[in-house]
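Please look through the sequence and the structure shown below. The report that follows describes a few places in it, one after another.

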Amino acid sequence: MATENKILILGPTGAIGRHIVWASIKAGNPTYALVRKTPGNVNKPKLITAANPETKEELIDNYQSLGVILLEGDINDHETLVKAIKQVDIVICAAGRLLIEDQVKIIKAIKEAGNVKKFFPSEFGLDVDRHEAVEPVRQVFEEKASIRRVIEAEGVPYTYLCCHAFTGYFLRNLAQLDVTDPPRDKVVILGDGNVKGAYVTEADVGTFTIKAANDPNTLNKAVHIRLPKNYLTQNEVISLWEKKIGKTLEKTYVSEEQVLKDIQESSFPHNYLLALYHSQQIKGDAVYEIDPTKDIEASEAYPDVTYTTADEYLNQFV
């Protein structure tokens with residue numbers, strides 16, 4: 001059975017890692033999590049905390065109650081990493097942006113272990129081989145692309161997961177800075193608001209990731225999550241919200257020239273978020289044709305998954 005695959009998640013207490021752990025357990029996979037003996041980060045941007053309220057300590061307790069096999073270790077400790085990898089079939093890395101380049105250590109450990117069927121590097125965003133993003137996010141995407149090249153050069157079996165815009169960062173605030181809920185009076189729209197973007201809940205990313213992990217057809221391919229009911233322009237998203245609250249928002253459209261200026265003049269996390277919003281809402285980095293020889297469209301491959309629509313997601317804020 002496909003669910004006999006033993007799955008190891010690296011970065012299991014992060015924003016996306018927790019959802020992959022939960023999805024793996026739900027699917028019936030023996031689930032392993034590599035955890036460090038360090039306290040969780042309490043100085044996260046408020047948008048991230050709002051989308052992911054559980055603390056590291058709460059997650060560890062939850063995992064133990066669910067039967068997750070917790071392995072103490074660190075991707076910087078080669079010996080414990082190899083030992084962990086030798087116990088599983090599939091390795092999924094959900095490490096944060098500051099650890100992207102450290103994945104070369106995981107690749108080295110996978111090569112030494114010699115038993116891994118598939119490695120999912122930490123991507124969980126746009127397709128890093130198809131984008132027009134600007135700094136500061138461009139550097140992160142280039143680092144992720146460079147990890148792809150190392151994986152391919154080393155002959156490590158892989159699956160790349162391209163999920164685009166998390167609802168927790170793009171939808172719950174209608175892509176507005178400094179707020180964690182959708183606005184009820186005014187809204188700022190980057191560009192003309194008519195560029196398609198792809199939205200997905202973090203929980204559904206977990207579900208599709210485990211589907212792809214258990215699917216032999218995803219070997220050495222990229223899986224793209226662009227769900228039909230969530231493939232929306234910013235204007236369409238705002239219209240959904242306006243219908244729910246029975247009110248028309250005052251709209252301010254910002255030109256690309258001004259957005260780029262704002263990115264350059266802002267500090268983290270504003271510059272990072274603006275660059276992400278610019279990538280999807282102005283450059284259209286979720287709009288492309290896939291290549292069937294190396295790409296899989298998740299909604300077509302896994303039609304049995306009942307995903308949360310953007311419309312349904314926004315109901316919680318009414």
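Val-254 has contacts beyond its neighbours within four places in sequence: Val-188, Ile-189, Leu-190, Gly-191 and Val-259. The model is a predicted one. Val-254 is found in strand E12, which covers residues 250-254. Val-254 has a relative accessible area of 14%, and it counts as buried because that value is under the 20% cut-off. Phe-119 lies 135 residues away from Val-254 along the chain, and the C-alpha atoms of the two are separated by 40 Å.

**The open sheet**

An open sheet is formed by 3 strands in the order E7-E9-E11, with mixed pairing. At its edges are strand E7 (165-166) and strand E11 (231-233), each of which pairs on one side only. Strand E9 (residues 196-200) and E11 run antiparallel and are joined by 3 bridges. Lys-196 has Thr-233 in E11 as its bridge partner. Helix H9, made of residues 234-245, lies across E9 and E11. The direction of H9 is at about 90 degrees to E11.

**The cysteines**

How many disulfides does a search of the whole structure find? The search finds 0.

| Cysteine | Closest cysteine sulfur | Distance | Relative accessible area |
|---|---|---|---|
| Cys-162 | in Cys-163 | 8.0 Å | 0% |
| Cys-163 | in Cys-162 | 8.0 Å | 0% |

**Helix H5**

Helix H5 spans residues 103-113, and its buried residues include Gln-103, Ile-106, Ile-107, Ala-109, Ile-110 and Ala-113. These residues are on the same side of H5, because the arc they cover around the axis is only 165 degrees. What covers the buried residues of H5? Among the elements that do so are two helices, H4 (78-85) and H6 (137-154). Strand E1 (7-10), strand E4 (90-93) and strand E5 (118-120) are also included in the cover. Just after H5 comes Gly-114, which takes a positive phi of about 75 degrees.

Note on methods: Residues numbered from 1 in each chain as written. Predicted model: local features only at pLDDT ≥ 70, side-chain atom pairs only at ≥ 80, totals over all residues. Heavy atoms only, no water. Helix = DSSP H or I, 4+ residues; strand = E, 2+ residues; numbered from the N terminus. Buried < 20%, exposed > 50% of the residue type's maximum accessible area, 1.4 Å probe, protein only. Contact = heavy atoms within 4.5 Å. Pairing = 2+ DSSP bridges. Axes fitted to C-alpha atoms, helices over the stretch in contact; angles between N-to-C directions. Disulfide = S-S within 2.5 Å. Arc of directions from axis to C-beta.
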